[in-house]
2 protein chains.
Amino acid sequence: MTAGETAPLPELGVAGCRLVRLPVLRDSRGLLSFGEYSAHLPFAPLRYFLIAGVPSGSLRGEHAHRELEQFLICAHGSCRVVLEDGAHREQILLDSPGVGVYIAPMTWTTILHDSPDTTVLVLASDTYREADYIRDYPEFLSLISGTP
Amino acid sequence: MTAGETAPLPELGVAGCRLVRLPVLRDSRGLLSFGEYSAHLPFAPLRYFLIAGVPSGSLRGEHAHRELEQFLICAHGSCRVVLEDGAHREQILLDSPGVGVYIAPMTWTTILHDSPDTTVLVLASDTYREADYIRDYPEFLSLISGTP
């Protein structure tokens, strides 16, 4: 699935997650895109992180969060984001700062940078708490299905 | 003045503004840098914006804010940021996501991207309010000096 800058944004089949159109202002001085609480971001971020210089074939993410909400934007270049809720999996191509993806808690997320030149920006609803991370995929599946 | 990833960060001579060291984690999967409230960001952002694709020689910014606080990071490539408080002017080179600059209210700010490939990320303490902008330089000087 491709989420370009002008195409209508499809619904995602992954629980709680959604694509968000972000304003992009272009003129002779370049491009400015933005997002703000609460028009585009459903939370006020307390943390941001940038991921860059990722070699081809390397995966980032590969974990879920118990409570943390995240909003991911491809700030430079392009990337693919794979979202899973235990029942559904969806891959999104992000190639513009004009589309962001809201990632709900309990979503197993994997990020593939299309080039080492790609930079991904993530805004997060809370500061870092290691206890909020689920890094083991079988544990994630067990937690989300409610089975021990 | 250059603010590299490892050099000690100098004090800025512009009222209220300062450079902030941001953690950078590097491994075989690339680079992750982050900032969070309140360890690195003195405010919880309500708005972000990205500036990219700026032609060589074009200037961005060129305004001040009455109340808004901002935190600027060069997310990709390099840029120069010129800060002025009416009495002092300082130019900073940002060429790593490992250093951010806190921009206090009432700072006239100009951004020069070193390449169209540069992407600048700004986190702002409030949502967009046109009345908060000062876009006229003589008006800025008048307001900051307290003379009509």
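Colleague: How many disulfides does the structure hold over all chains?

Modeller: A disulfide is a covalent bond between the sulfur atoms of two cysteines. With the criterion of a pair of cysteine sulfur atoms within 2.5 Å, the structure holds 0 disulfides over all chains. B:Cys17 is in no disulfide, and the nearest cysteine sulfur, that of B:Cys79, is 14 Å away. This is a predicted model, in which local features need pLDDT of at least 70 and side-chain atom pairs count only at pLDDT 80 or more, while totals for chains, interfaces and linings use all residues. Residues are numbered from 1 along each chain as its sequence is written, chains are lettered from A and ligands numbered from 1 in the order in which they are written, and side-chain values use heavy atoms, with hydrogens and water left out.

Colleague: Are B:Cys17 and B:Cys74 buried or exposed?

Modeller: Buried means under 20% relative accessible area, exposed over 50%, and partly exposed in between (1.4 Å probe, protein chains only). B:Cys17 is buried, at a relative accessible area of 6%, and B:Cys74 is buried as well, at 1%.

Colleague: What relation superposes chain A on chain B?

Modeller: Two copies of a chain are related by a rotation about an axis and a shift along it. The copies are superposed by least squares on the C-alpha atoms of residues with pLDDT of at least 70 in both. Here a rotation of 180 degrees with 0.0 Å of shift along its axis brings chain A onto chain B, with an RMSD of 0.0 Å. That is the relation of a two-fold axis. With contact meaning heavy atoms within 4.5 Å, the same surface serves both copies, since 100% of the contact residues of chain A recur in chain B. Of the residues of chain A, A:Pro45 comes closest to the rotation axis, its C-alpha being at 3.1 Å.

Colleague: In what order do the strands of the open sheet that begins with β3(A) follow one another?

Modeller: Strands of a sheet pair through backbone hydrogen bonds, either parallel or antiparallel. Strands (E, at least two residues) and helices (H or I, at least four) are DSSP runs numbered from the N terminus, and two strands pair if DSSP finds at least two bridges between them. This open sheet has 7 strands in the order β3(A)-β4(A)-β5(B)-β12(B)-β7(B)-β10(B)-β2(B), with antiparallel pairing. At its edges stand β3 (24-27) of chain A and β2 (18-21) of chain B, each with a single partner strand, so one side of each is left without a neighbour in the sheet. Neighbouring strands are turned by 20 degrees against each other on average, direction ignored; the axes are lines fitted to C-alpha atoms, for helices over the stretch in contact, and angles run from 0 to 180 degrees between N-to-C directions.

Colleague: How many bridges join β4 of chain A to β5 of chain B?

Modeller: Strand β4 (residues 30-36) of chain A and strand β5 (residues 47-52) of chain B are paired antiparallel over 6 bridges. Within that pairing, A:Ser33 has B:Leu50 as its bridge partner.

Colleague: Which strands pair with β8(A)?

Modeller: Strand β8(A) is joined by 6 bridges to strand β11 (residues 108-113) of chain A, and the two run antiparallel. A:Val82 has A:Thr110 as its bridge partner in β11(A). Strand β9 (residues 89-94) of chain A also pairs with β8(A) in the antiparallel sense, over 6 bridges. These two form a hairpin with 4 residues between them, and A:Gly86 in the turn has a positive phi of about 95 degrees. Strand β8 (residues 79-84) is mostly covered, with 5 of its 6 residues buried.

Colleague: Where is A:Asp132 found, and which residues does A:Asp132 contact?

Modeller: A:Asp132 is found in the loop between β12 (119-124) and β13 (133-134) of chain A, and counts as buried at 5% relative accessibility. Leaving aside neighbours within four places in sequence, A:Asp132 is in contact with A:Ala64, A:His65, A:Arg66, A:Glu67 and A:Leu68. A polar atom of the A:Asp132 side chain lies 2.8 Å from the backbone nitrogen of A:Glu67.

Conventions. A polar contact is a pair of N or O atoms within 3.5 Å; within protein, one must be able to donate a hydrogen and the other to accept it, and residues adjacent in sequence count only if both atoms are side-chain atoms.
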